[in-house]
Every structure is written in structure tokens, then in C-alpha cells.
Amino acid sequence: MKLYLQILMTAILTGNFVLCKFLGICPFLGVSKKLNTAVGMSAAVVFVMALATAVTYPINTFLVAKELDYLQTIVFILVIAALVQLVEIILKKFMPPLYNALGIYLPLITTNCAVLGVVLLNITENYSFAQSMCNSVGAGLGFMLAMVIFSGVRSRLEGCDIPKFLQGLPIVLIAASIVSVSFMGFTGIVEGILGL
Amino acid sequence: MNPILLAVLLLAGIGLIAAVGLTVASKVFAVPVDEKAEAIRECLPGANCGACGYSGCDGYAAALSKGETTNTALCQPGGTEASIAIGEVTGLAAGEVKPMAAVVLCQGHNVNSVQKLEYQGVMSCKMAAQVFGGPKECIYGCIGFGDCIAACEYGAISICNGIARINPYECKACKMCVKTCPKGLIQVMPLEETKAAVLCKNHDKGAATRKECKAGCIGCMKCVKACESGAIEIDRFCARVDIEKCIGCGLCHEQCPVGAIDLISLVKK
């Protein structure tokens, strides 16, 4: 149990995908302007990450058995993209409210590097299936945390008198780097809390 | 088997399965779309503001398509252009949408108003309003923490000198800010017409208002007496202009001793 908690906490805080591993920066900068879009996007990310891990784990086992490990990346991209499209179609038919909430963000996140990253990292870390799921859900929640924090920062930025040469993307990137630095403060916190 | 051939076949196989699966799924799970509603939806601005009275642009488009309403002029942000476009799609008569813009009825900026407390907390008007009615002496005035900025889809609002100001050229009169303001200070005014507006909502007695804000309405009745069209009335020590009756002559503006009445003449560029 402690191990799963450790994986989850690490993925959320110390190994945050956006702020520590610098994966998934494009949606992080693109959709963090407003809180509700940030939350919608992050929910889609949690969903897709969990789904992608659940599907690619058995595929990876198959690939390793056939000694085709080098195909991991391309096969995963193919499978995740197709799967998310399928889920989108099914959601649209059977769960319109959920589709309205996630729908527009699902295709955006399909082939995102964070999604592919979590899947590939699960393999390099030699996680079991349950551990992989734990890690990918944690990575998604960490993404959500980063998005929510950053949308707050950005809404403050909008009311500020920013020098002209920093307006727009430059100040957003600077703010993102400061938020990222603040996450370095979490180093060692997981081991500390869990007493490892 | 040749490892290269195996890899190629494997990938091609997965791709084929995915393609067939997706094609079948898109046919099996196809959702019938109301094409007319989609076409109407294209004419609307997509702000989902609810100014039309429906649950957003999709709701309004569906209502028009199903014939629940025949009024094409309900969309404030889209204006007359949207109405004409909807008319072309549906064959319904296009109506004219009077251009409107929102105005903040407060002049209690940092110079005019007096602070009563140093607020340290969540920077939200809604929150601050619960702490003794806000950080300013005047409990009716603009708090200036920008809840309306967050509500505005068009970036028309900014905080200027401690109070919210709305740029009429950006404002689409969707009334999101009107619903958000905890003090109810925002009013939608017609564009391209000159109307008087009392830029104060302070209902305290005159002497108390004077202590709270330099530009507060003290309820002296001078404007009521000056108004020839009977458009102004005093409600609990604060003047109010009836927009319908106001002719924009400016007599009240000249009479006001505190400068609380202003003539608003917003002209679209």
C-alpha cells in the first residue's frame, strides 16, 4: 500500500509531469487561461492517461514477448489515438453530458507527449499493472494540480501592468518557470511523509 | 519470420483493425444531428452567455430550429448581424438588435472613496463583500477585485484606479458581469444614444455619503427638480434615472453638486 501511495504522491508532487519533467507543455500554456477550461482539459488528461496505460500495458507485454520492444513508441501512438477516437464516439452517443465536458479536449490530448510519456515511463520503471495505473492517474492529477495553480497565476497576470516587451507569451513562460521552481521545494517530501 | 516483415505486418495490422473499428463505430454510434440547428449555431458567436434566455448558444439554436421561438433578435453579442444570418438560414424575419454596452455605476475610485479596512484574504469581490461589506467605507460601491473581469468572456473590463471600468467597444452586453457583481453595480445601457446615468448606488443619508465618498449621490433632489421629462426619482437617498424616459438633455448633469450624474453617450467605432 505504501508503495502505491509513494508512486501516486511522487507523480503528483516531486515528479510532476508538467513542472518537473516538462512534458505536456503545450496544453499547459494553451488551455490554462481560464479555470473551467483548465479543469476540463485536466479531467480529459486523467481519463486518457488511465485509459492509455490500461490498454498499452498488455500490448507491451506482447511486444516484449515477441522481442519487438523497439516498436513500443509507434504502436502506442497508433493504439492510443485510435482508442481515444473510439471513446469519443461512444461518449457522444451514450453520455452527452460527459462528452460536452470532455469532448473538445479529448482529441487535443490524444497524441500529447505527456500521455505517451507516462506510458513509456511505466515501462522503463518496470512497474506492474497496478503500479502503472497508479502512476498514470497520479500523473494526470499532477497535471490537473499544475493547470489549476497556473490558471490562478494567469488570471492574476491579466490584471497586472506588464512591461510591453514581456506581454503575452514571455511573461507566461517566466511565470511557468517560477511555478516550476516552487515545485522543486517538494523534493524529498514523499519519502519524508511516508517514512521511507 | 523475417523480423522486419513481422514489424511491418504487425503495425499494418493494428492500423487496419483500428481503421475498420473506427469506421464501424462511427456508423453504429452515429448521433443524428439537427442540421438546421447546426447551421443556426454557426451564426451565433458562441459566447454561451445566456443573454437570450436559453442555456447557451446550442440551446438557442435548438429552440429556433424546433420553432419554440421565432424571435431571431435575442442574441445581444451577435447583434443585428447574427439576426440577419439566422434569418437567412431559417427564413424567419430578422430583427434589429439595439446595440448595448454595460456601465459600472460607481465612481468610488481610490481618490474619491475612503478605505475603512485593510482587506487581506481571497481577492474576490464576493468574498470581500462579506467582510463588513467590503474594504471601502461605502458598502454600496465597487470593491475592485475584479470578479467581473473573470466573468467577462471578451476581456472588456479592467480595474482602473480601484474600480471596474468597461470598454464599450469590447463589450457585447451579454450581462455576465451584471449577474456576477455582488453589489449589483453594472447596468446595460443603449449605445449610440445619450442617456443620463447616476454613477452611484449609495443609499446612505447625504451626510453619511459625503464622509464615505466624494462622488456619492447625497439625495439632494436637485436633479429631480431640474429634469423636465420626469425621468429621475430618489430611492432611499439615491437618485435613479429611468432610461426609457430620459432624453439626454443634460440638465441634471449640470445641477448635480457632487458630479454623480454623468451623460453616457457610447458610440460604436
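Me: Where is B:Lys175?
Reply: B:Lys175 sits in the loop between strand 3 and helix 7 (176-180) of chain B. Helices (H or I, at least four residues) and strands (E, at least two) are DSSP runs, numbered from the N terminus.

Me: How should I read those labels, and what kind of model is this?
Reply: This is a predicted model, where local features need pLDDT of at least 70 and side-chain atom pairs count only at pLDDT 80 or more, while totals for chains, interfaces and linings use all residues. Residues are numbered from 1 along each chain as its sequence is written, with chains lettered from A and ligands numbered from 1 in the order in which they are written.

Me: Back to B:Lys175. What is its phi?
Reply: Near 70 degrees, a positive value in a residue other than glycine. B:Lys175 counts as partly exposed because it has 19 C-beta neighbours inside 10 Å. The cut-offs are 20 or more other C-beta atoms within 10 Å for buried, 12 or fewer for exposed, and partly exposed in between, with C-beta atoms placed from the backbone.

Me: And the hairpin in chain B, which residue there has a positive phi?
Reply: B:Asn161, near 60 degrees, in the hairpin of strand 2 and strand 3 of chain B, which has two residues between the strands. Strand 2 (residues 157-160) and strand 3 (residues 163-166) of chain B run antiparallel and are joined by four bridges; pairing takes at least two DSSP bridges. B:Cys160 is opposite B:Ile163 in strand 3 of chain B.

Me: Different topic. Which residues touch the most other members of the largest nonpolar core?
Reply: B:Val104, B:Leu105, B:Ile166, B:Val198 and B:Cys200, out of 68 residues. A nonpolar core is a set of buried Ala, Val, Leu, Ile, Met, Phe, Trp, Tyr and Cys residues joined through C-beta atoms within 7 Å.

Me: Where does that core lie?
Reply: Between domain 1 (35-90) and domain 2 (100-265) of chain B, because both give residues to this core. The domain bounds come from an automatic or database assignment.

Me: Now chain A. Where does helix 3 bend?
Reply: At A:Thr56, by about 30 degrees, and A:Pro58, a proline, follows within four residues. The bend is the angle between axes fitted to the seven residues ending there and the seven starting there.

Me: What comes after helix 3 of chain A?
Reply: A:Glu67, whose phi is positive, near 60 degrees.
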